[in-house]
Each structure stands twice: as structure tokens, then as C-alpha cells.
Amino acid sequence: QVQLVESGGGLVQAGGSLRLSCAASGSIFSINAMGWYRQAPGKQRGLVATITSGGSTNYADSVKDRFTISRDNAKNTVYLQMNSLKPEDTAVYYCKVIYNYGGPYAYDSWGQGTQVTVSS
């Protein structure tokens, strides 16, 4: 089983920056992809950004050119650099990891979430 520990959330003014981190630990053979999702009050959880083991990235249109996802494979850690933050970025941010044990099946694990609040 994989455990995820997130950090880096907090309160920031509009236009500011935050950096989220998510470290994976446990019985990991290989991580396929890592990503960040967010859920604002009254809304469904949605994609923010993902990154594959090869470094390919995907972003939600609302965060393109403002957020950057990166990963450190040696540390099994994924980061989300968030710049030019807007009040509408306020949400609980969740880390997600897709991993395998060397066989044909893939599994996923979610972090506990970290609150990001952007004041206007």
C-alpha cells in the first residue's frame, strides 16, 4: 500500500505563489503517473495537472501558464508550483499517484488533501 503526505498549502493573496509537495512511500515498485486535483466547496473534484514517469505533463485550461507540475523520481515526490494565484483557485488540493507492483495491474492512491485559500 502507498501512503501520500502532502504539504505546502496555506493562505495567500491574489497574485501570490505557493508550492505544494506530495511524497509517496510504502511498497512501491513503479509509479506510472502522479497528479494534482482540487475540489472547491460545492463542486466536484477536478484535474489540475498530471505528469507521467517520462515527464509528459497535462494541465487544466484554467491553470495553464500559471501552474507547473514536476516530479523527483528518486524521491517519489511530485510538486505543484502555483503562480499568479486567483481567488477561484481556492480549494482543497489532492495528490494522486498511479502505481504498479510490476504486474499488469495499476492502482491508485490519494493524499489527504491540503487547503489552498487565495484572498482577493
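Predicted model: local features only at pLDDT ≥ 70, side-chain atom pairs only at ≥ 80, totals over all residues.
I started with the charged pairs: the side chains of Asp89 and Arg38 meet in a salt bridge at 3.0 Å, N to O. Asp89 sits in the loop between S8 and S9 and Arg38 in strand S4 (residues 30–39), so this pair ties together parts 51 residues apart in sequence. My cut-off for a salt bridge is a side-chain nitrogen of Lys or Arg within 4 Å of a carboxyl oxygen of Asp or Glu. Strands here are DSSP runs of E with at least two residues, numbered from the N terminus (helices would be H or I, at least four residues).

Residues are numbered from 1 along each chain as its sequence is written, and side-chain values use heavy atoms, with hydrogens and water left out.

Next I followed Asp89 to its other partner. Arg66 forms a salt bridge with Asp89, the closest N and O atoms being 2.7 Å apart. This pair links Arg66 in the loop between S6 and S7 with Asp89 in the loop between S8 and S9, 23 residues apart.

I use buried for under 20% relative accessible area, exposed for over 50%, and partly exposed in between (1.4 Å probe, protein chains only).

The structure holds four salt bridges. Another of them joins Lys64 and Asp61 at 3.2 Å between the closest N and O atoms. Lys64 is partly exposed at 43%, and Asp61 is exposed at 66%.

Then I looked at backbone angles. Asp65, in the loop between strand S6 (57–59) and strand S7 (67–72), has phi near 75 degrees, a positive value in a non-glycine residue. Asp65 is exposed at 84%. Ser84 also has a positive phi, about 50 degrees, without being a glycine. Ser84 lies in the loop between strand S8 (77–82) and S9 and is partly exposed at 41%.

Last stop, the hairpin. S9 and S10 pair antiparallel over five bridges (pairing needs at least two DSSP bridges between the strands). Which residue of S10 is the bridge partner of Val97? I found Ser109 there. Five residues separate the two strands, and Gly102 in the turn has a positive phi of about 95 degrees. Tyr105 lies in that loop, between strand S9 (91–100) and strand S10 (106–110), and is exposed at 57%.
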